[in-house]
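Visitor: Good morning. I should like to go through this structure with you, one question at a time.
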Amino acid sequence: MRKQRHLIDDVTLASEDNGPDPICPLCDRPIPADVEQSRHHLIPKAKGGRNTETVLLHHICHKTIHRVLKESELARNFHTVEALRAHPELGRFFDWVSKRPPGFLGKAR
Ligand SMILES: [Zn+2]
Ligand SMILES: [Zn+2]
């Protein structure tokens, strides 16, 4: 079984000034310091989620999750990174965006 290392390793390095950029767990690209980052609550707080259950994402990835899924769906079926990546429409988006440069903001349509 291969473990995904980025979730753990990069958190400890993030406090260093010149540490590597954090990795977005959804599209597997680095999140550069000059690009908008956003924190997603895997379980919405209204549904009993704790503050610690958050992931750092590209703003564009985060926006897309909330455009496709309602809070109730997130809470019920999509409260893990694996489930989000397995969603057909989101999976297509992450696949597509993973081929864009890390600083891509989705402004061009
Ligand atoms: Zn969110
Ligand atoms: Zn991303």
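Visitor: Which residues are buried in α5?
Guide: Please note that this is a predicted model. In α5, the buried residues are Leu90, Phe93, Phe94 and Val97. They lie on the same side of α5, because they cover an arc of only 95° around the axis.
Visitor: Why do residues three or four places apart point the same way in an α-helix?
Guide: An α-helix has 3.6 residues a turn, so residues with that spacing point the same way.
Visitor: And what does the face of α5 turned away from its buried side carry?
Guide: That face carries the exposed residues Pro88, Arg92, Asp95 and Trp96.
Visitor: What do the buried residues of α5 pack against?
Guide: They pack against two other helices, α2 (residues 59-68) and α4 (residues 81-86). As for Val97, if residues up to four places away in sequence are left out, Val97 touches Cys27, Ile60, Cys61 and Phe104.
Visitor: How many residues are in the largest nonpolar core?
Guide: The largest nonpolar core has 13 residues. Those with the most contacts inside this core are Cys24, Leu26, Cys27, Cys61, Phe94 and Val97. Helix α5, which spans residues 88-97, supplies the largest share of the core, with four residues.
Visitor: Let us step back. How many helices and strands are there in the chain?
Guide: The chain has five helices and two strands. Along the sequence, these elements follow the pattern α-β-β-α-α-α-α.
Visitor: What percentage of the residues count as buried?
Guide: Of the 109 residues in the chain, 17% count as buried. Turning to contacts with a separation of 6 or more, 49% of them involve residues 24 or more positions apart.
Visitor: What pLDDT does the chain average?
Guide: The average pLDDT is 80, and 72% of the residues score at least 70. Over residues 3-16, however, the pLDDT is below 50. This stretch has nine contacts in the model beyond near neighbours in sequence.
Visitor: How should predicted coordinates be read where pLDDT is low?
Guide: Where pLDDT is low, the predicted coordinates should not be read in detail.

Conventions: Residues are numbered from 1 along each chain as its sequence is written. Chains are lettered from A and ligands numbered from 1 in the order in which they are written. This is a predicted model: local features need pLDDT of at least 70, side-chain atom pairs count only at pLDDT 80 or more; totals for chains, interfaces and linings use all residues. A nonpolar core is a set of buried Ala, Val, Leu, Ile, Met, Phe, Trp, Tyr and Cys residues joined through C-beta atoms within 7 Å. A residue is buried if 20 or more other C-beta atoms lie within 10 Å of its own, exposed if 12 or fewer, and partly exposed in between; C-beta atoms are placed from the backbone. Two residues are in contact if their C-beta atoms, placed from the backbone, lie within 7 Å. The arc is that of the directions from the helix axis to the C-beta atoms. pLDDT is the predictor's confidence in each residue, from 0 to 100.
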